[in-house]
Amino acid sequence: MIDFHSHILAGLDDGIATFEESLIAVKEARKAGFTKIIATTHYYSGDNFIANEEKRKIALNELKEKIDGIQIFLGNE
């Protein structure tokens with residue numbers, strides 16, 4: 001099962017606030033049967049996109065280091 005719309009990356013928009021909350025949410029998603037999550041943070045155009053993209057990649061990599069049994073991909077809302 002794939003979650004196509006998730007604000008799973010901490011501190012980037014109106015979703016999860018902390019890294020610990022991200023870990024809990026991913027574990028709960030895995031328990032519910034999800035195998036993939038697309039982290040759909042908000043899209044910002046122009047210079048804001050570049051700055052936000054670095055933050056997204058860092059948050060994604062930190063999360064991937066701490067989880068197993070579920071894949072997370074970057075997307076945009």
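Biologist: K31 first, is that one buried or exposed?

Modeller: In this predicted model, K31 counts as exposed, because its relative accessibility is 69% and the cut-off for exposed is over 50%.

Biologist: And which residue does K31 form a salt bridge with?

Modeller: K31 pairs with E28, and the closest N and O atoms of the two are 3.4 Å apart. Both sit in helix α1, three residues apart, so about one helical turn separates them. E28 is partly exposed, with a relative accessible area of 43%.

Biologist: How many salt bridges turn up in the whole structure?

Modeller: A search of the whole structure finds three. Another of them joins the side chains of R30 and D68, at 3.4 Å from N to O, and this pair links distant parts of the chain, since R30 belongs to helix α1 while D68 lies in the loop between α2 and β3, 38 residues away.

Biologist: Which residue does R56 bridge to?

Modeller: R56 forms its salt bridge with E53, where the closest N and O atoms are 2.9 Å apart; the two residues are three places apart in helix α2, and are therefore separated by about one helical turn.

Biologist: Switching topic, what is in the largest nonpolar core?

Modeller: That core has 15 residues, and those with the most contacts inside it are I8, L9, V26, I37, L63, I67 and I72. Helix α1, strand β2 and helix α2 each supply at least two residues of this core.

Biologist: Which residues does I37 touch?

Modeller: Leaving aside neighbours within four places in sequence, I37 is in contact with D3, S6, I8, V26, A29, I70, Q71, I72 and F73.

Biologist: Where is T40, and is it buried or exposed?

Modeller: T40 is found in strand β2, which covers residues 36–41, and it counts as buried because its relative accessibility is 4%. Its contacts, apart from residues up to four places away in sequence, are F4, H5, S6, H7, D13, G75, N76 and E77.

Methods: Residues are numbered from 1 along each chain as its sequence is written. This is a predicted model: local features need pLDDT of at least 70, side-chain atom pairs count only at pLDDT 80 or more; totals for chains, interfaces and linings use all residues. Side-chain values use heavy atoms; hydrogens and water are left out. Helices (H or I, at least four residues) and strands (E, at least two) are DSSP runs, numbered from the N terminus. Buried means under 20% relative accessible area, exposed over 50%, partly exposed in between (1.4 Å probe, protein chains only). Contact means heavy atoms within 4.5 Å. A nonpolar core is a set of buried Ala, Val, Leu, Ile, Met, Phe, Trp, Tyr and Cys residues joined through side-chain atoms within 4.5 Å. A salt bridge is a side-chain nitrogen of Lys or Arg within 4 Å of a carboxyl oxygen of Asp or Glu.
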